[in-house]
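This report describes a structural model, its ligand shell, its core and its annotated positions. The sequence and structure are shown first.

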Amino acid sequence: MAIEAWFMDDSLEDPRLPHHRHPKELVPLDHLAELGVLYWRLNPNDYENDEELRNIREARGYNYMDLLNICPEKLENYEEKLKNFYTEHIHADEEIRYCLEGSGYFDVRDKDDRWIRIWIKAGDLIILPAGIYHRFTLDTNNYVKLMRLFVGEPVWTAYNRPQEDHPARKEYINNLTQKIGMPLAAY
Ligand SMILES: CSCCC(=O)C(=O)O
Ligand SMILES: [Fe+2]
């Protein structure tokens, strides 16, 4: 089954709940592609020898790789990190995450500033473009093991919203406007 994504409700309940709207409003993958979010489904078993992953890394220049276990036992400053992950932010570079075990939610803002929740599970590799507002939370399963990829020396700096004057944000909005072919008054 492909990755699932949906528009979120406005409730302030526990972020680890799904936060579907009622009735559910699912978001098709091509809608995510319009926002510059890319996605692959890979085989997470034996990822060290996976040719598909190797090809993606080669094609996109992802020479840096590390693994991140998000659970209280394995992640230092667990609470604080999770709080930061769930604070809306952008980066100057792509955010590339490959889920090897467990699951979690990447929330991204669409062109109308609505939250889209993307549910990633083992085998899902997603790329968020530089400059897209996003955040991350675990789901009620409370565990994820992620591979992080990067071009060159990794920079994980998060710039919290608002960042309308950040060059990466400006460029992102520019690309988005060109893709859609009309000005975005809201920005
Ligand atoms: C740890 S995965 C996702 C959290 C995030 O957005 C980030 O690391 O910048
Ligand atoms: Fe991020």
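## Conventions and Leu100

Two residues are in contact if their C-beta atoms, placed from the backbone, lie within 7 Å. Under this criterion, and not counting residues up to four places away in sequence, Leu100 touches Pro44, Tyr47, Ala122, Lys145, Leu146 and Met147. Leu100 is part of strand β5; strands (E, at least two residues) and helices (H or I, at least four) are DSSP runs numbered from the N terminus. A residue is buried if 20 or more other C-beta atoms lie within 10 Å of its own, exposed if 12 or fewer, and partly exposed in between, with C-beta atoms placed from the backbone. Leu100 counts as partly exposed because it has 19 C-beta neighbours inside 10 Å. From C-alpha to C-alpha, Leu100 and Leu12 are 29 Å apart in space and 88 residues apart in sequence.

The model is predicted: local features need pLDDT of at least 70, side-chain atom pairs count only at pLDDT 80 or more, and totals for chains, interfaces and linings use all residues. Residues are numbered from 1 along each chain as its sequence is written, while chains are lettered from A and ligands numbered from 1 in the order in which they are written.

## Shell around ligand 1

The residues surrounding ligand 1 are Leu68, Phe85, Glu95, Arg97, His134, Phe136, Leu146, Trp156 and Ala158; a residue is near a molecule or strand if its C-beta atom, placed from the backbone, lies within 6 Å of it. Two or more residues of this shell are given by each of β5 (95–109) and β8 (134–138).

Six residues of the shell around ligand 1 are nonpolar, one is polar and two are charged. In this classification Ala, Val, Leu, Ile, Met, Phe, Trp, Tyr, Cys and Pro are nonpolar, Asp, Glu, Lys and Arg are charged, and the others, Gly among them, are polar.

## Annotated binding site

In an unreviewed entry, UniProt places the feature "binding site" at His89, His91, Glu95 and His134. These positions are spread over 46 residues of sequence, yet they cluster in space, with a largest C-alpha distance of 11.4 Å. UniProt positions follow the numbering used here, feature names are shortened, and annotations may be inferred rather than shown by experiment.

Glu95 belongs to strand β5 and is buried because 22 other C-beta atoms lie within 10 Å. His134 belongs to strand β8 and is buried because it has 23 C-beta neighbours inside 10 Å. His89 lies in strand β4 (residues 89–90) and counts as partly exposed because it has 19 C-beta neighbours inside 10 Å. Beyond four places in sequence, His89 touches His134, Arg135, Ala158, Tyr159, Asn160 and Arg161, and His134 touches His89, Phe106, Asp107, Val108 and Leu128.

## Strand pairing and nonpolar core

Strands β5 and β8 pair in the antiparallel sense over five bridges; pairing requires that DSSP find at least two bridges between two strands. The bridge partner of Tyr105 in β8 is Thr137. Four of the five residues of β8 are buried.

The largest nonpolar core has 26 residues, of which Phe106, Val108, Ile118 and Ile132 touch the most other members. Such a core is a set of buried Ala, Val, Leu, Ile, Met, Phe, Trp, Tyr and Cys residues joined through C-beta atoms within 7 Å. The elements giving two or more residues to this core are β5, β6 (115–121), β7 (124–128) and β9 (144–150), and the largest share, six residues, comes from β5. Leaving aside neighbours within four places in sequence, Val108 is in contact with Leu35, Val37, Ile116, Ile118, Leu128, Ile132 and His134.
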